[in-house]
Amino acid sequence: MMRQYELVERVKRYNPSADEALLNRAYVYAMMAHGNQKRASGDLFFGHPLEVAAILTDMKLDEATIAAAVLHDTVEDTEATLEEINKTFGPQIGALVDGLTKIKRLDLVSKRAAQGENFRKLLLAVADDVRVLLVKLADRLHNMRTLGFMPPEKRQRIAQETLEIYAPLAGRMGIQEMREELEELSFQNLDPEAFEAINRHLHELTAKSEKLVEEIEQTLTTKLKAQGIDAQVSGRQKRPYSIWRKMERKSVSFEQLSDIFAFRIIVGTVDECYRALGIVHTSWPMVPGRYKDYISTPKQNDYRSIHTTVIGPGSQRVELQIRTADMDEVAEYGIAAHALYKEGVNGNSRLANESRAYQWLRRTIDLLAEGDNPEEFLEHTKLELFHDQVFCFTPKGRLIALPRGATPIDFAYAVHTDVGNTAVGCKINGRMSPLLTELQNGDEVEIVRAEGQTPPAAWESLVVTGKARASIRRATRTAVRRQYTGLGHQILERAFERAGRAFSDEKLKGALPRLARASVEDVLAAVGRGEMFSGDVVRAVYPDYKDERRVGPDGKGTGQPDGAGTKPTGEQPTGIPVRGLNKDMPIRFAPEGGAVPGDRIVGILTPGEGVTIYPIQSPSLAAFDNEPDRWIDVRWDLESGSTQRFPARIKLQSINEPGSLAQIAQVIADHDGNIDNVNMKRRTQDFTDITIDLTVWDLKHLNAIIAELRAKRVVSRVDRITG
Ligand code: MN
C-alpha cells in the first residue's frame, strides 16, 4: 500500500507548490475512516482510494482532485459525513466528494432504466465540476483492474457497463490510455477465450518480429534525421481488444490481419508533422483510404494527429501516427492535460478553458436538460459515443462535428435549434440536395430556411443526433397542441354563438375551476381533442344555460355538426371549402377517392399532419373506429353557383371491344366531367377493369355521369370508389 510520503511525493513531482498538509490530512482521514475494512480480494479497503489517487497523479491533476480521490468512498462506506468533510477540507473538496457519493449511490441500482438515470445524474454532476468524472473514471479503472475477485455475474455486468459507458466516455474526453485499458479489461472479462487466443497469437508474433519493430524504428528515425527532423519514433503492437474489434468488423482471421504494428512519430512542430508525412509517403507506398488529417480537422475531443498506413520495410503494413509532443500529451491525457491542471491549481479557473471535449459534455448536458426520459437519454448517449464522426462546414467555415450517418437535418440542429426547425432544403457543396442525404467528411452545408415552419414528425426517425431528435419531438408536440387548441377555439366559438352567449378567454378563465383545468389553453386543447364537450363548457361559463341538445364531437358526421347555423368562414387556403376547421389546419381529401359536395363528410385528425376529409361511406374510416377523438365534424361550405371541381374516383367493368374506352370517355366529356387519370387492367378475355379519376362539381353531377355510363352497352358495371 502506498505510504503517506509516497502520495505527497507523486504530486510534488509535477506540482512542487502542492498543498502538502491537505494531502496528508486526506490520507490520514481516509485511513482512519476505512479502518480495517476489507475488499473482496481480502486486501485492506484503504488501498483502493490510494490506487485511484495514484492513477490521477499520473494524469497530473490538482491536489483537490487527488484529495477527493483519497476520500471518495468515505461518506458512502464509513461513518464519515459530508459536513465533516466540508469542515475539514473545505467546500471545494466537499463538493467533489458529494458528487462522487451521489454517483456511487446511484451505481447500486442496476436496472437498465435506472442506469440511464445514473448516467444522467453523473453527467449533471460533471456539469458542475468535470473533476468528479475524472475521479469516477479512475475509480472504475481500479475496480476493473481488480475485478477478478468479484462473482462472475457481477463481473459481466460491470464489464459490460464499462465497455458501453465508461470506456467511450474516457475516449470522448480524450484520455486514450484509460479508454484502451478499460476496453482491454472489459474484453478480458466478457470474452476470456477470445482474449486469450489473441494474446497467444500476439506473443508468438512478438517472438518472431521483435527485430522488425526495432528495424522499422531505426529506418524511420534515420530517414527523418537525414531531412533534418529530430523525431522520436516508437513502435508497439496493437492491443487485443482493438485487434479483436477489427477481426469482427472485417471478418478476417488473425493471420489475415496485416497491420498489427502501430508506430508513433513525435516531432517538434506542426510543420514538421507534414514534412515527416511527406518523407514517409515518398519512401514507402501508402495504403489508400487510410490517410487522415486530424491536425487540420481535430476530433471532437480535441485529438490532433496525422494517421497513415504504408507498406513499410519487409512488406509489412505499418500504421503511423505523426504528431507534436503537445498533441501527444492531449492524446494521452485529454482534457486533463490542458483544461484542468494547466489552468492553475486553485480550481476556480478550472473551467475557463473549454476544450472541445468539455463542449461535448456541455452538449450532452443540454440534451439532458431537454429530455426527461432516462431510456431515451441512454439511447442518445450510446449513439453519440459509439458512432464515428463526420466533419462538415457551414458556409462561413464553422466546423460542425456530427456522428457518422448524420443528415443535413442533424447539421441544421447542430448549428441551432431554430435553424433545424425552419429547415426546408439544403445545398451541399453548392448543389441543392435532399435533406436526407448522408453527409460526408468535408461537406459544406447550407441550410435553406422558411419561417413559420414545423419540422415533419417523420424526421424524428430519420435523424441520428440526440439533439435533433429531441428538438423535433418537442416542435411536433407543440405544433400538435397548437392545432388542437385552434380547433377547440373554433368549436367553442360556434357553440357559444349557437347558444346565443358571449364567448371570450376572460369568461372561460372564470370557469376554469368548474372545468377542472389549469388554463384556458388546456380547455381549448381538451375540446379540440374531443375530451370535453363544447356544451359542457357553455354550461360551465353560464350555469343558467339550458340547451335542448348536447353539442360536441358525437361521432361520425351526424349532418348536424357544431357549425350549424353560423355564417361561412370562407374558403380554406387549400381550396377545400369546408366548415368546422381552423383555417391554419392543413386539410386534404382522402387519396383513394375523395368527397364531393353533397356527400356527407367527416374529418380525421392526424396529429402533426392535419385533417383528411372522407365521404362518410368510405370503408377506410373503419380503421379509426376506436379513435373517436380523431373524428371531426365538418360540413361543406360552398357558395351556390360555385364552379369549383372536386376529385372523385369510379371503377368500371367494360366489354373488350374496339372503341369501348372512347365511348366511356365521350359520356364523361358530354357531361362536362374532367378525366384526370385512367387506369386499365385486363381481367379476362372479355372484360377490362377501368379506374377513372375525374373531377366533378358535386354529387348530383357525379351521379348523373354514373347513371349515363351504366346505360351504355359496353359498360357492364360502374361503382364509385370512396377509399
Ligand atoms: Mn471506489
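Contact here means heavy atoms within 4.5 Å. The structure is a predicted model. Its protein chain holds 26 helices and 20 strands. Of the 723 residues, 51% count as buried. A search of the whole structure finds 24 salt bridges.

**Overall fold**

- Among contacts in the protein chain with a separation of 6 or more, 66% come from residues 24 or more positions apart.
- The chain exposes about 33900 Å². Carbon and sulfur atoms supply 49% of that area.

**Thr-695 and its strand pair**

- Thr-695 lies in strand S19.
- Strand S19 covers residues 687-696 and pairs with strand S18, residues 674-682. The pairing is antiparallel and runs over eight bridges.
- A hairpin of four residues joins S18 to S19.
- Within this pairing, Lys-681 has Asp-689 in S19 as its bridge partner.
- In a regular strand, side chains alternate between the two faces of the sheet.
- Thr-695 has a relative accessibility of 12%. The cut-off for buried is under 20%, so Thr-695 counts as buried.
- Neighbours within four places in sequence are left aside for the contact list of Thr-695. The contacts are then Arg-645, Phe-646, Pro-647, Gly-673, Asn-674 and Asp-676.

**Salt bridge Asp-672 to Arg-645**

- Arg-645, one of the contacts of Thr-695, also forms a salt bridge with Asp-672. The closest N and O atoms are 3.6 Å apart.
- This pair links distant parts of the chain, with the two residues 27 apart. Asp-672 sits in the loop between helix H25 (660-670) and S18. Arg-645 sits in the loop between strand S16 (635-636) and strand S17 (646-655).
- Both ends count as partly exposed: Asp-672 at 39% relative accessibility, Arg-645 at 24%.

**Salt bridge Arg-481 to Glu-521**

- The side chains of Arg-481 and Glu-521 meet in a salt bridge, at 3.1 Å from N to O.
- This pair also links distant parts of the chain, 40 residues apart. Arg-481 belongs to helix H20 (residues 466-499), and Glu-521 belongs to helix H23 (residues 520-529).
- Arg-481 counts as partly exposed at 27% relative accessibility. Glu-521 counts as partly exposed at 43%.

- Glu-183 forms a salt bridge with Arg-179, with the closest N and O atoms 3.3 Å apart.
- Both residues lie in helix H10 (residues 176-190). They are four residues apart, so about one helical turn separates them.
- An α-helix has 3.6 residues a turn, so residues three or four places apart point the same way.
- Glu-183 is buried, with a relative accessible area of 7%. Arg-179 counts as partly exposed at 22% relative accessibility.
- Arg-245 joins Arg-179 and Glu-183 in a network of salt bridges.

**Enclosed helix H24**

- Helix H24 spans residues 534-541. Six of its eight residues are buried, so H24 is largely enclosed by the rest of the structure.
- The buried residues are Ser-534, Gly-535, Val-537, Val-538, Ala-540 and Val-541.
- They pack against H20, helix H21 (505-510), helix H22 (512-515) and H23.

**Nonpolar surface patch**

- Val-270, Tyr-274, Met-286 and Tyr-291 form a nonpolar patch on the surface. Together they have about 310 Å² of accessible area.
- Val-270 is found in helix H13 (residues 270-283).
- Val-270 is partly exposed, with a relative accessible area of 35%. Patch residues need over 30%, so Val-270 passes that cut-off.

**Cysteines**

- The disulfide count comes to zero. The rule asks for a pair of cysteine sulfur atoms within 2.5 Å.
- Cys-273 counts as buried, at 0% relative accessibility.
- Cys-426 counts as buried, also at 0% relative accessibility.

How values were computed:
Residues numbered from 1 in each chain as written. Predicted model: local features only at pLDDT ≥ 70, side-chain atom pairs only at ≥ 80, totals over all residues. Heavy atoms only, no water. Buried < 20%, exposed > 50% of the residue type's maximum accessible area, 1.4 Å probe, protein only. Patch = residues over 30% accessible without salt bridge, like charges linked within 9 Å, V, L, I, M, F, W, Y side chains within 5 Å. Areas by Shrake-Rupley, 256 points an atom, 1.4 Å probe, with all protein chains shown as cover. Salt bridge = Lys/Arg side-chain N within 4 Å of Asp/Glu carboxyl O. Pairing = 2+ DSSP bridges.
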